[in-house]
Amino acid sequence: MDAHPFQTLLHFPCTSKFTRPKDAMPIDFKCKYSSLEIKRLSRRMVLKFCGFNTLLLSINPVLAAPMPEMKEPEVIRTLKLASGVRFQEIIEGEGSEAQEGDTVEVNYVCRRSNGYFVHSTVDQFSGESSPVILPLDENQTIKGLKEVLIGMKVGGKRRALIPPSVGYVNENLKPVPDEFGPRRSLFSHATEPLIFEVQLLKVL
């Protein structure tokens, strides 16, 4: 079989040699297939195209796809104190650190252990807050909350589960809401664990 130039072979069979049987009817290939004639391509363009396709096929699509950035999930550790109080550091503050005997200004939300709301210094609808002043003295502030506040820095926030043994053991301990309804609701749950989410605003 004769060798043909690459450009010539790209044309439809009408330009390549073939042997026609003697009894075959003459066929006008040029007329019939002229609309299918392929334009000539340069050898360089064809080789580049073939090489590019080979490169694409050799690449694993999984490796070629951009990998999403993986971030390790933030783990919030729960610390348990000797009194039975458990707390989590939600936000670590950057200001002054509260010490035993200090007086502090805080915002807090108090809930039952099942999540039901009891009282808060922050209005749930308007977002306005009425911070309370607490002396870090267990004779004036419930012991469990005092333990949570000691060591906190201004701007910090902690979430704590306070058992009743270090909670409202008497009605003179702070924090207590001024309104009759919230106060009554708070003391009705004083014999069960309470969840406090407290934010330290100032050390006075």
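Buried, on this tour, means under 20% relative accessible area, with exposed over 50% and partly exposed in between (1.4 Å probe, protein chains only). What you have open is a predicted model, where local features need pLDDT of at least 70, side-chain atom pairs count only at pLDDT 80 or more, and totals for chains, interfaces and linings use all residues. Residues are numbered from 1 along each chain as its sequence is written, and side-chain values use heavy atoms, with hydrogens and water left out.

**Stop 1: the whole chain**

Switch to cartoon view. You'll find 6 helices and 7 strands, which are DSSP runs numbered from the N terminus (helices: H or I, at least four residues; strands: E, at least two). Walk along from the N terminus and the order reads α-α-α-α-β-β-β-β-β-α-β-α-β.

The accessible area comes to about 14,800 Å², and carbon and sulfur atoms hold 56% of that; the method is Shrake-Rupley with a 1.4 Å probe, and for residues only the protein chains shown count as cover. Of the 204 residues, 24% are buried.

A contact here is heavy atoms within 4.5 Å. Take the contacts between residues at least 6 apart in sequence: 71% of them join residues at least 24 apart.

**Stop 2: the aromatic pairs**

Rings of Phe, Tyr and Trp (its six-membered ring) pair if their centres lie within 6.5 Å; planes under 30 degrees apart are stacked, over 60 edge-to-face, and the rest tilted. How many aromatic pairs does that rule give? The count is 2.

Select Y108 and F196. This pair is tilted, at 5.6 Å centre to centre with 45° between the planes. Y108 sits in strand β3 (residues 103-112) and F196 in strand β7, so the pair ties together parts 88 residues apart in sequence. Both Y108 and F196 are buried.

Next, select Y168 and F187. Their ring centres are 5.8 Å apart and their planes stand at 85°, so this pair is edge-to-face. Y168 is in the loop between β6 (157-162) and α6, while F187 is in helix α6, so the pair ties together parts 19 residues apart in sequence. Buried or exposed, then, for Y168? Buried, at 7% relative accessibility. F187 is buried as well, with a relative accessible area of 18%.

**Stop 3: H189**

Finish on H189, in the loop between α6 (180-188) and β7 (194-203). Its relative accessibility is 16%, so H189 counts as buried. Which residues is H189 in contact with, leaving aside neighbours within four places in sequence? Show R112, V118 and L194 to see them.
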